[in-house]
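Please walk me through this structure in short steps.

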Amino acid sequence: VDNQFYINNDGQAFWGPAGATAGILTWDTGIANIGGRANMNLSLNANNVEKVRITTGGLVGIGTASPGYTLEVMKASSGDAFSITNATSNPTRLTIGMDNTNGIYLSSTKTSSGTYLPLTFWTSDTERLRITTGGLVGIGTTTPTHTLNVNGNTNLSGSLWAGNSTLFVNTSSVGIGTITPTNTLNVLGTTNLSSAETTLNY
């Protein structure tokens with residue numbers, strides 16, 4: 001058609017400006033192909049606006065015509081940008097979104113009821129970390145009962161604080177009631193030692 005669209009003898013279709021080929025429709029065993037010719041990007045449009053671009057380097061952009069990564073998704077405003085949903089009678093959805101105030105967020109829900117679900121992180125087919133819907137974090141446990149529950153050995157580098165100045169621990173000193181211990185153990189306040197046998201060495 002005016003040298004802008006033609007089909008060759010083996011059924012491949014080509015289109016583009018007269019005397020040049022921009023796009024191609026072809027096939028291979030078990031697959032149909034649509035693409036751009038050499039040095040031509042491929043874009044998919046909807047409502048007369050480009051929505052998806054695949055560059056000659058294999059980068060895919062959704063919402064952007066100049067992706068800089070293997071997959072780049074750009075949303076013009078805050079809110080949910082990406083979701084994965086399983087096709088069951090009560091599907092679960094993982095949502096990734098952006099908020100100009102709070103940054104990037106992840107959320108998991110039951111789509112039919114709107115019920116929020118915990119977020120879990122796995123390695124080697126084993127759950128390693130869980131964040132409950134109430135904001136409790138469990139490492140090595142699936143049932144945290146405090147803001148942070150750790151089941152297993154813990155190596156802390158730096159200082160440990162508990163309840164403002166109630167307890168302070170650094171690499172060499174422990175302070176109870178003080179955050180500036182000058183000895184191995186400093187206690188600020190009344191101390192009550194109660195035991196069948198108490199030994200103090202000094």
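Start with Ser108. Its relative accessible area is 7%. Buried means under 20%, so Ser108 counts as buried. Keep in mind that this is a predicted model.

Where does Ser108 sit? It is found in strand S11. What does Ser108 touch, leaving out residues up to four places away in sequence? The list is Arg93, Leu94, Thr115, Tyr116, Leu117, Pro118 and Leu119.

Look at Pro118 in that list. Ser108 and Pro118 are 10 residues apart along the chain, and their C-alpha atoms are separated by 6.9 Å.

Now move to Thr109. This residue is in strand S11 too. Is Thr109 buried or exposed? Its relative accessibility is 15%, so it counts as buried. Beyond its neighbours within four places in sequence, Thr109 is in contact with Pro91, Thr92, Arg93, Thr115, Tyr116 and Leu117.

Next, turn to the surface. Ile62, Leu71, Val73, Phe82, Ile84, Ile96, Met98, Ile104 and Leu106 form a nonpolar patch there. Together they have about 770 Å² of accessible area. Which strands supply at least two residues each? They are strand S8 (71-73), strand S9 (79-85), strand S10 (92-99) and strand S11 (103-110).

Take Val73 as one member of the patch. It is found in strand S8. Its relative accessibility is 34%, so Val73 counts as partly exposed.

Methods:
Residues are numbered from 1 along each chain as its sequence is written. This is a predicted model: local features need pLDDT of at least 70, side-chain atom pairs count only at pLDDT 80 or more; totals for chains, interfaces and linings use all residues. Side-chain values use heavy atoms; hydrogens and water are left out. Patches are made of residues with over 30% relative accessible area and no salt bridge: like charges are joined within 9 Å, nonpolar side chains (Val, Leu, Ile, Met, Phe, Trp, Tyr) within 5 Å. Accessible areas come from the Shrake-Rupley method with a 1.4 Å probe; for residues, only the protein chains shown count as cover. A salt bridge is a side-chain nitrogen of Lys or Arg within 4 Å of a carboxyl oxygen of Asp or Glu. Helices (H or I, at least four residues) and strands (E, at least two) are DSSP runs, numbered from the N terminus. Buried means under 20% relative accessible area, exposed over 50%, partly exposed in between (1.4 Å probe, protein chains only). Contact means heavy atoms within 4.5 Å.
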